[in-house]
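Open the model in your viewer and keep the sequence panel beside it. We will go from stop to stop, selecting a few residues each time.

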Amino acid sequence: MFLHSVNLWNLAFYALMVFMATLGLWDVFFGFEENKCSMSYMFEYPEYQKIELPKKLAKRYPAYELYLYGEGSYAEEHKALPLTGIPVLFLPGNAGSYKQVRSIGSIALRKAEDIDFKYHFDFFSVNFNEELVALYGGSLQKQTKFVHECIKTILKLYKGQEFAPTSVAIIGHSMGGLVARALLTLKNFKQDLINLLITQATPHVAPVMPLDRFITDFYMTVNNYWILNARHINLTTLSVAGGFRDYQVRSGLTFLPKLSHHTSALSVVDTNSWIFGCINSTSMCRQGVDLSWKAELLPTIKSLTLRLQDYPSLSHLVVYVPSIHGSKFVVDCEFFKKETRAIQLPVTHLFSFGLSSRKVILNTSGLFYNIELLNFGQIYQAFKINVVSKCSGVKEEITSIYKLHIPWSYEDSLTIAQVPSATAISVKLHIAQPENDSHVALLKMYTSSDCQYEVTVKTSFSQILGQVVRFHGGALPAYVISSILLAYGGQLYSLFSTGHCLEYATMLDKEAKPYKVDPFVIMVKFLLGYKWFKEFWDMLLLPELDAIVLTSQSMCFPLVSLILFLFGTCTAYWGGLLSSVSVRLLSSLWLTLKRPSELPKDIKIISPDLPILTVVLIIVSWTTCGAFAILLTYLYYVFKIVHLQASLTTFKNSQTVNPKHSRRSEKKSNHHKDSTVHHLRLSASDAEDSLRMHSTVINLLTWIVLLSMPSLIYWLKNLRYYFKLNPDPCKPLAFILIPTMAVLGNTYTASIKSSKLLKTTSQFPLPLAVGVIAFGSAHLYRVPCFVFIPLLLHALCNFM
């Protein structure tokens with residue numbers, strides 16, 4: 001029945017959207033080079049020694065613990081305490097375990113053994129009970145305060161030493177890095193308690209999925225403090241990202257906001273001196289300068305490029321070669337003018353879809369080339385670069401290295417190729433080029449003088465879709481709900497104008513159009529550029545437009561709203577199909593397990609048990625968790641719809657068996673329609689209309705339940721520590737949604753056709769669909785606030 005309401009062209013369109021979304025997801029999850037890293041292994045058993053905390057502290061934070069990592073003899077020696085090493089505190093992230101410290105703790109211990117324990121690190125780790133802090137932000141402040149107490153506890157373990165440490169180094173993984181930065185916002189925190197902060201895949205700029213206001217408020221507090229007090233924060237901080245392989249935290253989020261990442265540099269290679277320059281020497285090098293620090297260490301080679309103008313007194317270069325035990329090496333050297341090795345290659349247009357290409361050929365016998373990728377600086381651009389090498393008279397194996405260098409961010413990538421060969425290189429960005437930055441993205445090629453190279457660039461459509469998913473996939477639920485709201489409004493209006501509710505899929509095709517939403521958002525964004533309109537906007541206490549937030553994060557993407565709207569409509573369609581099939585399967589199961597029931601003979605909006613059920617669910621929400629009460633309300637609503645579907649199926653089956661009796665029943669049902677609304681007898685056509693309306697409401701409710709799931713999971717995980725979730729982001733919503741859904745579960749189209757409020761109710765979903773995109777695409781926790789309004793008006797139609 002659901003599929004019959006969609007024509008073949010629309011079905012083909014929805015299938016195409018699924019295919020395009022699959023291409024984008026494939027690029028995000030699998031569009032990177034093979035992982036050549038190997039697992040680290042141990043030969044001693046890891047041990048996690050629980051550090052006893054003060055009783056008041058343990059009572060205040062019953063779910064949290066502090067551990068000291070060790071293994072083998074090291075663990076045995078330090079069980080008695082005190083400690084003698086350098087304290088390092090590891091903070092796990094979202095759903096992270098304190099045992100994740102094992103990897104770095106074990107390697108650090110091996111390194112200490114190599115130097116006979118002249119100095120070593122003591123690794124501590126905090127157990128945050130694997131909380132979902134990236135999805136539920138209510139515990140972030142609590143974690144921050146607990147870490148502060150842990151630092152003070154750790155330093156007390158070193159008391160009595162001659163050179164007792166007064167600070168700790170912190171390694172924060174994921175949200176653990178944000179918690180570490182939040183320490184500085186505490187009123188009684190002393191900044192000198194931390195001497196080093198290393199964060200791993202920490203989304204510093206913004207949350208990956210802003211599902212509640214506690215997360216966004218926490219981010220605002222931390223980032224505002226670091227920006228306003230940047231000059232006074234004397235803390236060495238290193239942020240490490242996972243690149244495109246990390247599909248949860250994209251690298252653009254790992255930059256410390258508003259702080260220049262060019263103010264300091266860190267070299268992670270302890271390089272040995274290997275190349276020197278002789279100054280004013282003739283036959284013998286009497287005075288030299290170490291040039292090793294200017295060299296670049298690449299896989300299989302070391303490269304050094306010097307500007308001779310900077311060394312006017314340089315006469316010779318000396319390469320120091322230690323004992324190589326029979327291994328062979330080659331030293332290549334050449335002189336060239338910089339401009340002769342800089343070759344410009346304009347990238348192809350975004351909408352060329354890989355059908356056209358740009359090409360350069362390197363014919364000269366050089367060792368190094370800079371390919372300047374012109375007009376490449378936006379996150380929505382993505383390309384495939386193919387490098388084909390052809391060599392003549394080469395007998396030995398030769399390696400070429402291609403390095404993609406993005407000057408405005410640390411995201412260089414290396415590709416190693418054995419020549420002759422054809423090598424494909426993916427080219428895309430983690431962060432857009434700043435407006436005041438004039439640098440050019442470079443493909444640095446370390447080549448062989450015996451080979452010819454052909455470099456071709458093409459637009460990669462699949463990678464562009466991958467960028468859409470990577471940067472804007474989190475906004476998809478807002479677009480799905482916007483599409484459902486438009487279909488919902490269309491159904492309400494069809495009920496008002498014709499007296500019948502059309503199919504969900506039909507209304508989705510008719511009403512869910514991007515031109516009903518996007519132009520309003522674009523117009524408001526344009527008007528906010530004028531001071532008078534901005535002042536009026538602020539006077540109404542309206543929040544900042546999400547489109548402006550995305551622009552400030554360099555996430556401008558042409559047509560991205562259109563693409564997301566199409567993906568959202570597609571998801572809304574297939575979600576509707578899934579819910580329709582699920583209701584039918586559950587009704588079949590109901591008919592199998594229970595005696596078939598009849599259609600209601602008397603439509604009652606307020607049944608005797610409804611007020612009791614409503615009060616019970618509100619009490620559940622108040623005393624436990626709002627999301628739990630919402631889930632129970634959702635299950636009750638689904639039960640009512642399944643029961644109605646089963647009753648309709650029974651009626652149709654009986655109509656097939658005894659058509660004369662069914663016609664008499666239908667006439668009798670129609671005869672009763674002239675009585676009051678509260679004593680209507682439900683006909684088969686009214687039941688079908690009601691099911692169509694309820695199927696759309698179920699789709700809306702399903703997304704509300706999904707968006708509230710993180711706090712429910714958090715509550716269930718911590719149920720043994722406390723019965724009531726505090727703070728609870730879903731409690732206000734639950735108080736409104738419970739009575740609304742209780743009424744809607746007993747609502748039929750026959751009871752609201754004549755409502756004076758129906759026309760107004762049918763007009764509300766359109767502006768609310770616009771509001772979802774305007775204020776909920778970057779703040780998902782706001783989306784349910786737009787959904788409950790039409791549901792509440794729908795419920796009120798029973799009384800007005």
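Which residues in α1 meet which residues in α8? Keep that in mind while you get your bearings. This is a predicted model.

**Stop 1: the whole chain**

Show everything as a cartoon. The secondary structure comes to 22 helices and 21 strands. The C-alpha trace spans about 120 × 70 × 60 Å along its principal axes. Buried residues make up 49% of the 800 residues in the chain. Now think about contacts between residues at least 6 apart in sequence: 80% of them join residues at least 24 apart.

**Stop 2: two helices that cross**

Select residues 8-30 for helix α1 and residues 461-472 for helix α8. Here is the reply to the opening question. From α1 come Met20, Leu23, Gly24, Leu25, Asp27 and Val28. They meet Phe461, Ser462, Gln463, Leu465, Gly466, Gln467, Val469 and Arg470 in α8. By class, this contact has 7 nonpolar, 5 polar and 2 charged residues.

Two packed helices are described by the angle between their axes and the distance between the axes. For α1 and α8, the axes come within 7 Å and cross at roughly 80°. The two helices are therefore roughly perpendicular to each other.

**Stop 3**

Which strands form the open sheet here, and in what order? The order is β14-β21-β16-β19, with antiparallel pairing. The edge strands are β14 (357-362) and β19 (421-428), and each pairs on one side only. From one strand to the next, the twist averages 15°.

Zoom in on β14 and strand β21 (residues 451-459). They run antiparallel and are joined by 6 bridges. Pick Leu362: its bridge partner in β21 is Tyr453.

**Stop 4: strand β17 and its partners**

Select residues 398-405. This is strand β17, and 6 of its 8 residues are buried. It has antiparallel pairing with strand β18 (residues 413-419), through 7 bridges. Ile401 stands opposite Ile416 in β18. Strand β17 also pairs with strand β20 (residues 441-446), again in the antiparallel sense, over 5 bridges. There, Leu404 stands opposite Leu443.

Follow the chain out of β18. Pro420 sits in the loop between β18 and β19. A cis peptide bond joins Val419 to Pro420, with omega about 0°.

**Stop 5: a three-stranded sheet**

Move to the open sheet of 3 strands, ordered β9-β8-β12 with antiparallel pairing. Its edge strands are β9 (288-290) and β12 (314-319). The twist averages 30° from one strand to the next. Strand β8 (residues 275-279) pairs with β9 over 3 bridges. Look for Cys278: its bridge partner in β9 is Gly288.

**Stop 6: the nonpolar cores**

Show side chains. How many residues does the largest nonpolar core have? It has 158. Leu89, Phe124, Ile151, Ile170 and Leu791 have the most contacts inside it. Helix α18 (residues 684-717) gives the most to this core, with 15 residues. Another core lies apart from it, with 28 residues, among them Ile371, Ile398, Trp408 and Cys451.

Center on Ile170. Leaving aside neighbours within four places in sequence, its contacts include Leu89, Ile151, Ala180, Leu183 and Ile194.

**Stop 7: a buried glutamine**

Select Gln645 in helix α16 (residues 626-657). Is Gln645 buried or exposed? Its relative accessibility is 9%, so it counts as buried. Beyond its neighbours within four places in sequence, Gln645 is in contact with Val583, Arg584, Ser587 and Leu691.

**Stop 8: backbone details in loops**

Pro727 is found in the loop between α18 and α19 (731-744). A cis peptide bond joins Asn726 and Pro727, and omega is about 0°.

Next, pick Ala95, in the loop between β3 (86-91) and α4 (102-114). Its phi is near 60°, a positive value in a residue other than glycine. Ala95 counts as partly exposed, at 36% relative accessibility.

Last, pick Asn129, in the loop between β4 (121-127) and α5 (140-156). Asn129 has a positive phi of about 60°, although it is not a glycine. Asn129 is buried, with a relative accessible area of 9%.

Conventions
Residues are numbered from 1 along each chain as its sequence is written. Side-chain values use heavy atoms; hydrogens and water are left out. A nonpolar core is a set of buried Ala, Val, Leu, Ile, Met, Phe, Trp, Tyr and Cys residues joined through side-chain atoms within 4.5 Å. Buried means under 20% relative accessible area, exposed over 50%, partly exposed in between (1.4 Å probe, protein chains only). Helices (H or I, at least four residues) and strands (E, at least two) are DSSP runs, numbered from the N terminus. Contact means heavy atoms within 4.5 Å. Axes are lines fitted to C-alpha atoms, for helices over the stretch in contact, and angles run from 0 to 180 degrees between N-to-C directions. Angles under 35 degrees count as roughly parallel, over 145 as roughly antiparallel, 65 to 115 as roughly perpendicular and the rest as oblique. Ala, Val, Leu, Ile, Met, Phe, Trp, Tyr, Cys and Pro count as nonpolar, Asp, Glu, Lys and Arg as charged, and the others, Gly among them, as polar. Two strands pair if DSSP finds at least two bridges between them.
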